[in-house]
Amino acid sequence: MFKTIKNIFSNKEPQVKPKLILAAPLEGELVSITEVPDPVFSEKMMGDGFAIKPTLGIIVSPIEGTVGSIFPTKHAIGLTSKEGYEIIIHFGLETVNLNGEGFEVLAEAGQKVSIGDELLKIDIEKIKDKVPSIITPVVIANLKEDEKIVVEKYKQVSLAEQAVAVIIRK
């Protein structure tokens, strides 16, 4: 797990401690947010983050914090970390049009969560042919101007795998 971020341009010891470390909310292939085939996410209009091409239909909490909101159509969930960061996990693209079909909510607004707590179950087989993509953006909606997301490595990830991404000052 990240304790500090190395300066990639020198051999000096790390100088920046991360403000937040995110775990993987889904199992699958971790990819850049810019690979999401929807400009709202790929152009970071909602915030910076990463995406996961899921292989398992379970979303878990990537943080210690609170469930802020669950969209009525069950396709997205908002969390607030104990540090105050607002995280949005949006399963798939145009999944709002399914009106909750294939989604099961396992948490409720206001609930305290720990890393790995189950939040949503998705029947991927039931929905994958009804939407353009099941790629799942994970976005931090309230980064400050001097903060950025650093992804440790784009790779296959397991549920709740630590150090998927961190927020640091630029």
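**View 1. Asp 48 and Lys 44 form a salt bridge, with the closest N and O atoms 3.4 Å apart.** Here a salt bridge is a side-chain nitrogen of Lys or Arg within 4 Å of a carboxyl oxygen of Asp or Glu. This is a predicted model, where local features need pLDDT of at least 70 and side-chain atom pairs count only at pLDDT 80 or more, while totals for chains, interfaces and linings use all residues. Residues are numbered from 1 along each chain as its sequence is written, and side-chain values use heavy atoms, leaving out hydrogens and water. Asp 48 is buried at 17% relative accessible area, whereas Lys 44 is partly exposed at 39% (buried is under 20%, exposed over 50%, partly exposed in between; 1.4 Å probe, protein chains only).

**View 2. Lys 128 meets Glu 125 in another salt bridge.** Their closest N and O atoms are 3.2 Å apart. Lys 128 is partly exposed at 36% relative accessibility, and Glu 125 is exposed at 56%.

**View 3. Glu 161 and Lys 155 pair up with their closest N and O atoms 2.7 Å apart.** Lys 155 is partly exposed, at 26%. The whole structure holds five salt bridges.

**View 4. Three strands make an open antiparallel sheet, ordered E1-E14-E12.** Strands are DSSP runs of E with at least two residues, numbered from the N terminus, and two of them pair if DSSP finds at least two bridges between them. E1 (20-22) and E12 (147-151) are the edges, each with a single partner strand, so one side of each lacks a neighbour in the sheet. Three bridges join E1 to E14 (residues 165-169), and Ile 21 sits opposite Val 166 in E14.

Technical notes:
Helix = DSSP H or I, 4+ residues; strand = E, 2+ residues; numbered from the N terminus.
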